[in-house]
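The sequence and the model come first.

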Amino acid sequence: MNIDLSRRGFFKLAGAGVAATSLGAMGFGEAEAAEQAHVRAFKLATTTETRNTCPYCSVACGIIMYSKGDVKAGETAELIHIEGDADHPTNRGTLCPKGAALKDFVKAPTRLTKPRYRAAGASELQDITWDEALDKIARAMKDDRDANFIQTNEAGVPVNRWTTTGFLAASATTNETAWLTYKTVRSMGIVGFDNQARV
Amino acid sequence: MTNSWTDIKNTDLVVVMGGNAAEAHPCGFKWVTEAKAHRGAKLIVVDPRYTRTASVSDYYAPIRPGSDIVFLMGVIRWCIENDKVQWDYVRSFTNASFLVKDEFGWSDGLFTGYDEEKRDYDKSSWDYKMGPDGFVQTDPTLQDPRCVWNLLKAHVDAYTPEMVERVCGTPKEKFLDICGMIGECSTPTKTMTSMYALGWTQHSKGAQNIRGMAMLQLILGNIGVRGGGMNALRGHSNIQGLTDIGLMSNLIPGYLNIPTEKEADWATYMSTRAFKPIVPGQMSYWQNYSKFMVSFMKAMWGDAATAENDWAYHYLPKLDVPAYDGMRMFELMNHGKVNLYFCQGFNPILSFPNRGKMTQAFSKLKMLVVMDPLATETSHFWENHGIHNDVDTAAIQTEVLELPTTCFAEDEGALVNSGRWLQWHWAGATPPGEAKHDTWIMAQIFQRVKKLYQEEGGVFPDPILNLTWDYADPDEPMPDELAREMNGRALSTVYDLKDTTKVLAEAGQQLANFGQYRDDGSTMGGCWIYAGSWTEDGNMMARRDNTDPGDTGAFLNWSFAWPANRRILYNRASCDLQGKPWDPSRKIIEWTGEKWEGYDVPDIAVTAKPGEVGPFIMNPEGVSRLFSRGMMRDGPFPTHMEPFEAPIANVFNPKMRGNPVARVFESDANQFAAIGDPEFPLVATSYRLTEHFHYWTKHNPVNAVLQPEFFVEISEELAAERGIERGGRVRVWSKRGEVWAKALVTKRIRPMQIDGKTVHVIGIPLHWGFMGAARKGFGPNSLSSQVGDANVETPEFKAFMVNIEPSAEEPVA
């Protein structure tokens, strides 16, 4: 029931092959050239297809992303189209009004592209380098942990908890991000730990 | 979900209560349509609003927000009274025949053991009578007045159809029609499914709403079968995964627990966890707890976790309170007791209730770090946006770091859907600008903190310095490395426990399943329920074979489902005591005389003889619980509790407010409207629209055009009463805040008669804020209160009290 012929392959065949074979064989060489001159190549024929799932609700519809460029090959890839994955058992190719507009979510005007910093009391964010931002965070964590970490309770039981720093984890990051986040947060003794499932 | 989206096609009756799948989960809802078209299934919707799910239903009935327990207990009462019970299932697969302690009882809305001062129950009487042999006492004839069945009968007796009409506002005739439709599913060959979402969870007794339906499903024999089950639709793409992996104050991956400070050592911690069977011959799966726990500790701390140091038990924090959940942290923050806070893809300024309190609390932080693909209200909480965020920017001394992350299109890894399927996805786009993967950011933070501890020393650096970090590039662990770590691998040779000469895995090999986990330090695994997801055969989550033998909807070779690739939980219960399917046309597995086999992975040892081992192996009883002992804080049966803000007093006990054991901080208690408060006469409830996802899609110009502007939904009757015009401006306010909105005047919401008075409901959709492409607006959290479910602290967004008036214009800040 899998669609054996990939769409990209199909379009290549359809775009390049049909005219050459049928028209050419009948001696319409000039017509063929004229046809090719005014018919635009199908846009998706030159794209890279990637399987993904919709990041919104938990139906987790299968999607196919079409990009110019191939991330796996180390190229810069620009997303140009997203559609439902007809092979996916749950959504069988359909998407809802949110999923159908996913490409524009990826390219939303308010996507963040640079680390930014707001100083105490400031009315603007300013650019900051990743190095500066991460060093600032690490310093603040170390200082707060050293100052407020609770090693034992009144009864002398080791409790090793840190309550003055908290971490709210997400709802749409991968399991793998979740596990690395878990390791980092727990190893430091942070107990104010929660995720979107709470609400 | 106990079942899956694709399994819904197997049902005969869909009950949507506490959800609105047609709008919030449209592509999953197609399986309801499939069941209606091909099986002749019926759809019942019970909701305060005539939703789009209701518009394609076979039967709709209204209900007042926050009164679901009355409705559900009423249905159970009707089923018992009218003998609509799958008796063989109830007798064999539930604790109906178990005897309960004589001291247990219920009166005036409360169970035995209530302590008003502590706002807690002494639950010691909520348990079985145990025999001298250590096994529970039972009466299989169900005659003993102290057996669970008779106690349940007595408990639900108050929930008559008249009571349902009085408290829920559901007309008696409609309620009885629904009971009749549900009752038909008590035969072994008819099945009902429950589809619910936040309409049931976001209450101060949300967990009891869900228990109410689970009990009904057990009485009908609908758990473990195709087309049945309890199906939580889950709101976000990976909240299932984040919960599985335990990103919560009190959790360890795979639903293990962070110790409390009462558990001063490993032996004490373990002593209460490996539940011994309480019926003869039963398998009690939590007896394996130590294997999962030791393997987790080895995954975290490797060689630093040894038998001699109790697997580095003290590297784990010990809790002094049940949990430092979100609302407890915001309370502490508001008292100036939190300095540094991280938000990873989470927008709490809009997602948590009581916006005023949230903003005040965040203003007291020293530093806020936000990692997100989008510029959110949280990372801009200090920015003045007129009435939409009226803050004194200069006075807010919080430093903010806004870190750009990748989104799904640029990221690789697995998400877990509602049906517990771990589906792998691949990156297909280059991140914009300097946006980074969350894994890179977390690794950078960890590496830098670790380096500071290495260079400077400091307080208890051991769990940081010894954390396992054996990734090829320590600065950027790859998704496959992390996924393998969660699956688990052998650290030294793992032998078969029965035949100790048989090698199951050599050192370094991926484990095939959690049956290979050990508690002697020979295995590691971050999340035992994910064992089998990345084996020696590779990435099982990336499987894409969509064939479906028997057309059951199981799709066993598509992705990987936890646990053990099982698609329907408790599927042993789909067969009778002899191991034959209750409904041969809907076989999942069956007993061949030697073993269990079929279309799904059996939820029982494959050679466990039917009649000897009960199907609910995660319970030491081997059966499911109609009476939940002391497992829940607010009662072993669901009992009616009003929301904290309600138009009427509790009919069982007018002095009882909300959930009597829910945690309430003083500052929040001071912000409740009085019961029946004439200043706040309207019941408000929040909901989603099909064109928007949470607070994300307002950043997308396409969705912002589809639904550009914040509105509230009211009935024609309320509009007439208050002089509100269709599309006119209104002000809505609660004890905690106010919003301005357009009025959507509809026939979808109607006034109700509740306990003799007319009660209006107002709907408040949740998709607007002050960032993004849509017009600036508000969310329901400007109005709702910070009180949560007594068991899990999910906030009560679905029932709170407000008022409304026409408003010429929005005020200018």
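Helix α4 (residues 130-148) of chain A and helix α17 (residues 438-456) of chain B have axes that come within 9 Å and cross at roughly 55 degrees. α4(A) and α17(B) are therefore oblique to each other. Angles under 35 degrees count as roughly parallel, over 145 as roughly antiparallel, 65 to 115 as roughly perpendicular and the rest as oblique. Axes are lines fitted to C-alpha atoms, for helices over the stretch in contact, with angles from 0 to 180 degrees between N-to-C directions. α4(A) passes α17(B) in a right-handed crossing (the near helix is turned clockwise from the far one by less than a right angle). On the α4(A) side the contact uses A:L134, A:D135, A:I137, A:A138, A:M141 and A:K142, and α17(B) supplies B:Q444, B:I445, B:R448, B:V449 and B:L452. Residues are in contact if their C-beta atoms, placed from the backbone, lie within 7 Å.

The model is predicted: local features need pLDDT of at least 70 and side-chain atom pairs count only at pLDDT 80 or more, while totals for chains, interfaces and linings use all residues. Residues are numbered from 1 along each chain as its sequence is written, and chains are lettered from A and ligands numbered from 1 in the order in which they are written.

The contact between the chains takes 106 residues from chain A and 136 residues from chain B. Helix α4 of chain A gives the largest share of the chain A side, 13 residues.

A:G166 has B:Y341 in β12(B) as its bridge partner. Pairing requires at least two DSSP bridges between two strands. Helices (H or I, at least four residues) and strands (E, at least two) are DSSP runs, numbered from the N terminus.

Within chain A, 3 strands form an open antiparallel sheet in the order β1-β2-β3. Its edge strands are β1 (48-53) and β3 (78-84). Strand β2 (residues 62-68) of chain A pairs with β3(A) over 6 bridges, and A:Y66 stands opposite A:H81 in β3(A).

Definitions and conventions: Two residues are in contact if their C-beta atoms, placed from the backbone, lie within 7 Å.
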